[in-house]
Amino acid sequence: QWPLLTLGYPNGDDYKKYYPTDLMETGSDLVFKWVPRMILFGLYLDGRIPFKNLYFHGMVNDEKNQKMSKSKGNVISPIDLSDKFGTDALRMALVMGNAPGSNVSLAENKVKGYKHFANKVWNIARFVLANTEGVDLSQKPELMDQDQKIIDEFRSVAEKMTQNLEDLRFDLAADKIYHYLWHVFADIVIEESKKRLNEGTEAEKISAKRMLLLILRDSLKLLHPFMPFVTEEIYGFLPVRDKKDLIVESWPKI
């Protein structure tokens with residue numbers, strides 16, 4: 001009944017507009033239980049299959065890849081993990097390395113690692129915002145070749161990540177933005193920009209500042225589906241004209 005009743009069958013506006021739905025996401029263990037019943041029930045009441053595509057996620061197991069159960073005493077509470085490390089860190093731990101249909105091992109240390117990543121994103125934003133005061137992204141001055149090349153490389157990452165999302169490879173998309181922010185933007189781009197920000201000509205400084213702020217803005221958009229809370233909070237500090245909540249902002253132009 002889920003695809004029908006949640007949309008207001010038989011006369012609801014949502015039902016008329018959105019049924020049949022596009023994507024059904026569920027556990028792989030339900031393929032022979034609920035999914036066929038949804039299809040049959042939708043055909044019986046409406047004459048149409050209730051969804052176009054199915055996405056099966058695997059089971060969330062303990063750190064030894066064993067199924068969680070109360071009898072084993074190996075149940076990990078997502079609420080406790082969120083309270084300890086943050087909801088964003090838990091979300092990343094569940095997505096990273098989790099290919100469609102495969103099981104994922106969840107350990108406290110894994111979630112803790114993505115808390116460090118959330119802190120890294122904060123530190124990136126703090127540096128960029130502290131060094132780009134007065135930059136107006138609505139204006140479009142020419143970027144120097146070095147900064148334009150950095151922007152182009154980022155756009156390439158964004159394009160590949162967007163394709164991963166469209167292909168429902170959420171694990172690959174999360175991996176790309178994670179590694180770009182930490183190992184490329186923080187470790188290389190920001191470090192190499194510091195000398196120009198401090199010792200460059202005025203044109204070099206303006207170009208570097210604009211490049212840093214543009215990449216921060218669009219990186220937050222790319223990371224938002226995986227870490228919505230920290231990205232939304234940081235986005236609120238960005239000097240973006242006609243700014244909306246990040247969750248309804250447009251996706252970066254590829």
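How many residues apart in helix H3 are phenylalanine 41 and tyrosine 44? The two sit 3 residues apart in H3 (residues 34–45), so about one helical turn separates them. Helices here are DSSP runs of H or I with at least four residues, strands are runs of E with at least two, and both are numbered from the N terminus.

A quick word on what you're looking at: this is a predicted model, where local features need pLDDT of at least 70, side-chain atom pairs count only at pLDDT 80 or more, and totals for chains, interfaces and linings use all residues. Residues are numbered from 1 along each chain as its sequence is written, and side-chain values use heavy atoms, with hydrogens and water left out.

**The overall picture**

The chain has 10 helices and 4 strands, and reading along the sequence gives α-α-β-α-β-β-α-α-β-α-α-α-α-α. Along the principal axes, the C-alpha atoms fill a box of roughly 70 × 45 × 25 Å. Of the 254 residues, 39% count as buried; that word means under 20% relative accessible area, with exposed being over 50% and partly exposed in between (1.4 Å probe, protein chains only).

**Rings and charges**

A pair of aromatic rings is described by the distance of the centres and the angle of the planes. Rings of Phe, Tyr and Trp (its six-membered ring) pair up if their centres lie within 6.5 Å, and planes under 30 degrees apart are called stacked, over 60 edge-to-face, and the rest tilted. A search of the whole structure finds 10 such pairs, and two of them are set out here.

| Pair | Centre to centre | Angle between planes | Type |
|---|---|---|---|
| Phenylalanine 41 and tyrosine 44 | 6.5 Å | 35° | tilted |
| Tyrosine 180 and phenylalanine 185 | 6.3 Å | 10° | stacked |

Elsewhere, Tyr114, Phe117, Tyr178 and Trp182 make up one aromatic cluster.

Two rings also have a charge sitting over them, meaning that NZ of Lys or CZ of Arg is within 6 Å of the ring centre and within 35 degrees of the ring normal. The charged end of arginine 37 is over the ring of tryptophan 34, 4.8 Å from its centre. Lysine 243 does likewise with tyrosine 235, at 5.8 Å from the ring centre.

**Pockets**

On a 1 Å grid over the protein atoms alone, a pocket is an open set of points with protein on both sides within 12 Å along at least five of seven lines, and lining residues have an atom within 4 Å of a point. Grid points are joined across faces, edges and corners, and a volume is the space filled by probe spheres set on the points.

The largest pocket comes out at about 640 Å³. Its lining holds 23 residues, with Leu137, Lys140, Arg155, Leu214 and Arg217 nearest the centre. Helix H7 (145–166) and helix H9 (202–223) are the elements giving two or more residues, and H9 gives the most, with 5. By class, the lining has 10 nonpolar, 2 polar and 11 charged residues.

Strand S2 (51–57) and helix H5 (87–95) each give two or more residues to the lining, whose classes are 6 nonpolar, 3 polar and 1 charged.

Most residues other than glycine have a negative phi, and most peptide bonds are trans. The bond from tyrosine 9 to proline 10 is cis, with omega near 5°, and proline 10 is in the loop between helix H1 (2–5) and helix H2 (13–18). The bond from tyrosine 19 to proline 20 is cis too, with omega near 0°.

As for phi, leucine 168 has a positive value near 65°; this leucine is in the loop between H7 and helix H8 (170–199). Aspartate 242 has a positive phi of about 55°, lies in the segment after helix H10 (228–235) and is exposed at 68%.

Methods:
1 Å grid on protein atoms, 1.4 Å probe; cavity = no way out; pocket = protein on both sides within 12 Å on 5 of 7 lines; lining within 4 Å. Nonpolar A, V, L, I, M, F, W, Y, C, P; charged D, E, K, R; others polar.
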